[in-house]
Amino acid sequence: MQDSMASLSVSPAAAGGSCFAHVQQAPEDPILGITVAFNKDPSPVKVNLGVGAYRTEDGKPLLLNVVRQAELHLVSDESRNKEYLGITGIVHFNKLSAQLILGSDSPAIAENRVVTAQCLSGTGSLRVGGEFLGRHYSGQKIIYVPSPTWGNHLKIFPLAGLEARTYRYYDPRTKGLDYEGMLEDLRAAPNGSILLLHACAHNPTGVDPSQEQWEGIRRVVREEKQFLPFFDCAYQGFASGSLDNDAWAVRRFVGDGGEVFVAQSYAKNMGLYAERVGALSIIVKEPAVATRVESQLKLVIRPMYSTPPTHGASIVTLILSSKKWFEEWKEELKAMADRIRSMRHELFNALKERQTPGNWEHILNQIGMFTFTGLSKEQVEYMRREDHIYMTLDGRISMAGLNSRTVPQVADAIHRAVVKFS
Ligand code: KET
């Protein structure tokens, strides 16, 4: 009797159990999970250098003054409403975003060869771009990403139906670009693959190609391999302090007339992390293709999240369309980039004073929000355990998380970890 009962297929829920009892505990995200661990640590001296989020000299998140002004304007404007946006978001926002990355005098924009969709920050822009490519790209559905890269790339693109492979990028020996290795890997990749490039301030390494090297990469992409370049631009303005300089590589690739994808994020450069504001631009060769691409892009977005949210993109639209606010934003952005650079000097000098073994010049030479320290997983774990200093396990530290008060503490901890495990 009991045997025949067991052979009947009774759902666990009907039997009083959960249908999800088999679900395994997942690991925390390698970057966002650092903040979760940090928040649980009761230590009063803890320091979070994990997530790439700007902090002031007081260690606080920064709401840009120009963003606050724009928000005040938005809430007091009674003509505004909360109707649904169109599937690709605010039309004016899209135009201004394309101009910001491609240049206001961009021939591609003037020739109506650019399709832009407001998306959910950089991540959403990459995902929508990936989904579109998974459905419509006529080349190889393989995307090459640098090794190492922002970890989420390796999760986003396979879910969009693209095979993700890596190319050599960083040389741990020189703590610089492995330019030869990179070109060798690109030359060995199938023609017509997709190539993910960090537009500037490469995450996690802080190592960008020089302009000559970008030219070499562009020649391989266009002349040898017919790759489709997909730029991830999450840090425009954070590398050099100038929005135009940081868009140099993207503009160079668009300027040769070839096709390009670009994912933009306003999380870092406007401090709009939680508002999820970004844009995907697809630059094609003919206006008629752009029109058809846009129609299909809408079919990708509609079943995902229907339409994007309005608040953050309205802030960006106001700032980019007002000459006064645009100038103010550039100043605030430069101040953020400058503070990060001054932290590079302070940390470098602090390690030099302590005569910490090793060469730490790369702290000064790397670009953008992060330093790829070269600390091992063992050293990172030791610093977390002993000194309550949190960073990603690959040894990346967010320089924006440092301030003059925490630099000596972090330098002491690095010194101890290096001496202990060298
Ligand atoms: N691309 C890169 C290269 C990147 O570093 C990030 C975020 C994003 C895209 C996405 O940002 P979004 O908030 O979707 O616009 N990087 C930081 C935060 C994170 O991991 O989500 C980080 O590396 O700490």
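Where is the place of Pro 204? Pro 204 sits in the loop between strand 7 (194-198) and helix 9. Helices here are DSSP runs of H or I with at least four residues, strands are DSSP runs of E with at least two, and both are numbered from the N terminus. The model is predicted, so local features need pLDDT of at least 70 and side-chain atom pairs count only at pLDDT 80 or more, while totals for chains, interfaces and linings use all residues. Residues are numbered from 1 along each chain as its sequence is written, and side-chain values use heavy atoms, with hydrogens and water left out.

## Around the ligand

Let us start with Asn 203, the neighbour of Pro 204. The peptide bond from Asn 203 to Pro 204 is cis, with omega near 15 degrees. Asn 203 is also among the residues closest to the ligand, along with Ser 121, Thr 123, Asp 232 and Ser 265. In total, 17 residues surround the ligand; a residue counts as near if one of its heavy atoms lies within 4 Å.

| Residue (polar side-chain atom) | Ligand atom | Distance |
|---|---|---|
| Asn 203 | oxygen | 2.6 Å |
| Asp 232 | nitrogen | 2.6 Å |
| Ser 265 | oxygen | 2.6 Å |

On its own, the ligand has 520 Å² of accessible area, and the protein covers 92% of that. Such areas come from the Shrake-Rupley method with a 1.4 Å probe, and for residues only the protein chains shown count as cover.

Which residues of helix 11 are buried? In helix 11 (residues 248-255), they are Ala 249, Val 250, Phe 253 and Val 254. Seen down the helix axis, these buried residues fall within an arc of 130 degrees, so they line one face of helix 11. The arc is taken from the directions from the helix axis to the C-beta atoms. Buried means under 20% relative accessible area, exposed means over 50%, and partly exposed is in between (1.4 Å probe, protein chains only). After helix 11 comes Gly 257, with a positive phi near 90 degrees.

Helix 14 (residues 323-353) has 31 residues, and at 1.5 Å a residue it should span 45 Å. The expected span is 1.5 Å times one less than the number of residues. The end C-alpha atoms of helix 14 are 45 Å apart, which agrees. Just after helix 14, Gln 355 takes a positive phi of about 55 degrees.

## Backbone details

Most residues other than glycine have a negative phi, and most peptide bonds are trans. Asn 112 is not a glycine, yet its phi is positive, at about 55 degrees. Asn 112 belongs to the loop between helix 5 (107-110) and strand 2 (114-120), and is exposed at 53% relative accessible area. His 388 also has a positive phi, near 60 degrees. His 388 lies in the loop between helix 16 (377-387) and strand 12 (389-390) and is partly exposed, at 23% relative accessibility.

A cis peptide bond, with omega of about 0 degrees, joins Ser 147 and Pro 148. Pro 148 is in the loop between strand 3 (142-147) and helix 7 (153-159).

## Cysteines and other residues

How many disulfides does the structure hold? The count is zero, where a disulfide is a pair of cysteine sulfur atoms within 2.5 Å. The sulfur of Cys 119 is 14 Å from the closest cysteine sulfur, in Cys 233, which is too far for a bond. Cys 119 is buried, with a relative accessible area of 0%, whereas Cys 19 is partly exposed at 40%.

Is Arg 222 buried or exposed? At 19% relative accessibility, Arg 222 counts as buried. Arg 222 is part of helix 9 (residues 211-225), and a polar atom of the Arg 222 side chain lies 3.2 Å from the backbone oxygen of Glu 259.

His 22, in the loop between helix 1 (2-7) and helix 2 (32-40), is exposed at 57% relative accessibility. Asn 48, found in strand 1 (residues 47-48), counts as buried at 18%.

Terms used
A polar contact is a pair of N or O atoms within 3.5 Å; within protein, one must be able to donate a hydrogen and the other to accept it, and residues adjacent in sequence count only if both atoms are side-chain atoms.
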